[in-house]
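Please take a moment to look over the sequence and the 3D structure shown here before reading on. The paragraphs below are meant to be read with both at hand.

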Amino acid sequence: MNPKKRTRDLPAWLMSAPLYLFTLLFVLGPLVYMVVLSFLQRAEVWGVTGQLTLQNYRNILTPVYLRTFGESFRLALTSTGLIVLIGYPFGYFMARLRGRWKRRVMLALMIPFWTSSLIRLYGWIVVLRSGGTLDKLLMALGLAQKPLRLLYTYPAVVVGMVYALVPFMILAVYSSVEKLDWSLVEAARDLGASAPQAFFTVTLKLTLPGLLSGVILTFIPSMGLFFIADILGGNKVVLVGSLIQDQLTQARNWPFAAALSVVLMVLTSLMIWFYRRVTHVKDLEGIL
């Protein structure tokens, strides 16, 4: 019998069973475990008890932890705003390049991904440290009289976030601009619209899905990329991800870490839901 025919004769549920099994074991299972763990009590010595409680979620409402969420949200907003200002023009003009230059710029954009992100972030320590590359450049140009203390500050963390996440915005915008029907822009110009008017009324609105997907791809990770804050911010910038790591490794309070993770997951899920609502066909037609 032909193997291809034998494969087609298999029931659909049997062919998709490995996917369902993988999703159940490695996606749904850990999520359910995390949610259940967030309602348990920490044991006095090690592990957890079987007693259910809401205290872990009540602890999140204390001012110190609310400030951590607020700091993470503020950093995510700041980083995403800068990423939009840098990534949208870059992706737009990259899509407008001719074939050879487009491939060259794309290659230059991809090359950093061939190196570990940790190594690249440690490279920023050399640039931002006191007496480092940036200080020497600023003093050589006469813009600074003495070395600046940029490392282990909030701006250094913002720089690290923007550097790590801006490629995702560029690629999202590039994909959207690449599919744009430029005849609509030409029609707007023929009807008397200036170049800025045509951009804001046609180009920007038609590339809005790519821009929003780039915002999602950058805003959500920036809420939890605690290793960037640890490397470039020291202990001065504490994010929710850093708090979860501390609860797991130092305090050994696994239920509270699980509760923090559940809240963070809910917040990011709301962002994804909002993105799906805005980019839905009917909603997008209303925007346009």
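This is a predicted model: local features need pLDDT of at least 70, side-chain atom pairs count only at pLDDT 80 or more; totals for chains, interfaces and linings use all residues.

Residues are numbered from 1 along each chain as its sequence is written, and side-chain values use heavy atoms, with hydrogens and water left out.

We begin in the interior. A nonpolar core is a set of buried Ala, Val, Leu, Ile, Met, Phe, Trp, Tyr and Cys residues joined through side-chain atoms within 4.5 Å, where buried means under 20% relative accessible area, exposed means over 50% and partly exposed lies in between, with a 1.4 Å probe and protein chains only. The largest such core has 49 residues, and among these M161, L232 and L260 touch the most other members. Two or more residues each are given to this core by α4, α5 (99–110), α6 (117–128), α8 (154–178), α11, α12, α13 and α14, and α8 supplies the largest share, namely twelve residues. These helices are DSSP runs (H or I, at least four residues), numbered from the N terminus. If contact is taken as heavy atoms within 4.5 Å, and residues up to four places away in sequence are not counted, then L232 touches several residues, including L121, W124, A156 and G160.

In the loop between α12 (226–233) and α13 (240–249) we find N235, which is exposed because its relative accessible area is 77%.

On the surface, L21, F22, L24, L25, F26, V27, L28, L31, V32 and V36 form a nonpolar patch with about 920 Å² of accessible area together. Patches of this kind are made of residues with over 30% relative accessible area and no salt bridge, with nonpolar side chains (Val, Leu, Ile, Met, Phe, Trp, Tyr) joined within 5 Å. One of these residues, L24, lies in helix α2 (residues 12–37) and is partly exposed, because its relative accessible area is 47%.

Aromatic rings come next. Rings of Phe, Tyr and Trp (its six-membered ring) pair if their centres lie within 6.5 Å, and planes under 30 degrees apart count as stacked, over 60 as edge-to-face and the rest as tilted. The structure holds eleven aromatic pairs. The ring centres of F22 and F26 are 5.0 Å apart and their planes stand at 40 degrees, so this pair is tilted. The rings of Y92 and F93, by contrast, have centres 5.2 Å apart and planes at 85 degrees, so that pair is edge-to-face. Within it, Y92 is buried at a relative accessible area of 15%, whereas F93 is exposed at 54%.

We end with charged pairs. A salt bridge is a side-chain nitrogen of Lys or Arg within 4 Å of a carboxyl oxygen of Asp or Glu, and a search of the whole structure finds two. In one, E71 pairs with R74, the closest N and O atoms being 3.1 Å apart, and both residues lie in helix α4, three residues apart, about one turn of the helix. In the other, E178 pairs with K102, with the closest N and O atoms 3.2 Å apart. This pair links distant parts of the chain, with E178 in helix α8 and K102 in helix α5, 76 residues apart.

Terms used: Patches are made of residues with over 30% relative accessible area and no salt bridge: like charges are joined within 9 Å, nonpolar side chains (Val, Leu, Ile, Met, Phe, Trp, Tyr) within 5 Å. Accessible areas come from the Shrake-Rupley method with a 1.4 Å probe; for residues, only the protein chains shown count as cover.
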